[in-house]
Amino acid sequence: MQLTQEWDKTFPKSEKVDHKKVTFKNRYGITLAGDLYVPKNATGKLAALAVSGPFGAVKEQSSGLYAQTMAERGFATLAFDPSFTGESGGEPRNVASPDINIEDFSAAVDFLGLQAVVDRQRIGILGVCGWGGMALGAAAVDKRIKAVATSTMYDMTRVMSKGYNDSMTPAQRQQTLEQLSQQRWADAEKGTPAYGPVSLELKGGEPQFVVEYAAYYKSKDRGFHPRAINSNAAWTLTTPLSFMNLPILSYIAEISPRPALFIHGEKAHSRYFSETAYAAAAEPKELVIVPGANHTDLYDRLDVIPFDKLSSFFQQHLASA
């Protein structure tokens, strides 16, 4: 595995933290690539956070910004590329799995808990966008995770299986499954998976939230990165298959008694994901709605992302015994 060693993030390097590239394996034997951020001159064992997302992004984008900023605030943090994406391993490329991607978070906890600088009893996770849902799934099943936060969260199994705002009709669902099933024949005959068109190439007339996605992922002044699926590539056409009947938030109430924090923008098209997940979660839980913010504002807007809230949440719930 060849990891890029030069700084190629979409955000400036902080002088307040030490950074290094790392690798680790998940339970399926896939090697994951990550960026480990540790506060400069840190002493003793630190609380730690594993960070990933959004769906179709890489660690050089939003998750890395969150990780570096939280490291500036005293946490050891790990931003990682999920399996099959970015610099992480796994074939074929650009495919997602609710099971494997939830496992990726637990593998990141494995890695953090083996670091000399980390107190393994004080590890939390933070998921952005589609990896917010994965983070909730991981926290429900992995009791080592002491606190979980999500920002601008998507439940990818819900949106793929039911459409936005659960608008997919039964007939539309059956048609989608038929198309996905037939695509398997095409892929099997060819021996390689087919991919969709390059993501977010706007032609006009797209919904406003798609325009906002493009404004982030396609802009070299904001979030463009050549390794990001949403900037420069596409998912396999059959990626939705395992998302169609594997709802990842079925056991969200089992995160309790560990705390969950949901952060979402007031104007985000995706706000309902956090609101319904918050309603389904058990106490202790908190929902923070950021006034005026849309979905992608919480990807990179340092003046909008409530880092003070994230810091106080994890400081409180990952405090030393």
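This is a predicted model: local features need pLDDT of at least 70, side-chain atom pairs count only at pLDDT 80 or more; totals for chains, interfaces and linings use all residues.
I started with helix α10, residues 307–317, and looked up which strands this helix lies across: β3, β5, β6, β7 and β8. Against β6, helix α10 runs at about 170 degrees.

Next I checked α3 on the strands. Helix α3 lies across β3 (46–52), β5 (118–128), β6 (147–151) and β7 (260–265). Its direction makes about 140 degrees with β5.

Then I went to the sheet itself. I found an open sheet of eight strands with mixed pairing, and I wrote the order down as β1-β2-β4-β3-β5-β6-β7-β8. Which strands stand at the edges? They are β1 (17–25) and β8 (285–290); each has a single partner strand, so one side of each is left without a neighbour in the sheet.

The partner I looked at is β2 (residues 31–39), which pairs with β1 in the antiparallel sense over nine bridges. Along that pairing, K20 stands opposite L36 in β2.

Last entry, helix against helix. The axes of α2 (residues 98–113) and α3 (residues 130–141) come within 8 Å and cross at roughly 75 degrees. That angle makes α2 roughly perpendicular to α3. I listed the residues making the contact: P98, N101, I102 and F105 from α2, with W131, M134, A135, G137 and A138 from α3. Sorting them by class, I got seven nonpolar, two polar and no charged residues.

Notes:
Residues are numbered from 1 along each chain as its sequence is written. Side-chain values use heavy atoms; hydrogens and water are left out. Axes are lines fitted to C-alpha atoms, for helices over the stretch in contact, and angles run from 0 to 180 degrees between N-to-C directions. Helices (H or I, at least four residues) and strands (E, at least two) are DSSP runs, numbered from the N terminus. Angles under 35 degrees count as roughly parallel, over 145 as roughly antiparallel, 65 to 115 as roughly perpendicular and the rest as oblique. Contact means heavy atoms within 4.5 Å. Ala, Val, Leu, Ile, Met, Phe, Trp, Tyr, Cys and Pro count as nonpolar, Asp, Glu, Lys and Arg as charged, and the others, Gly among them, as polar. Two strands pair if DSSP finds at least two bridges between them.
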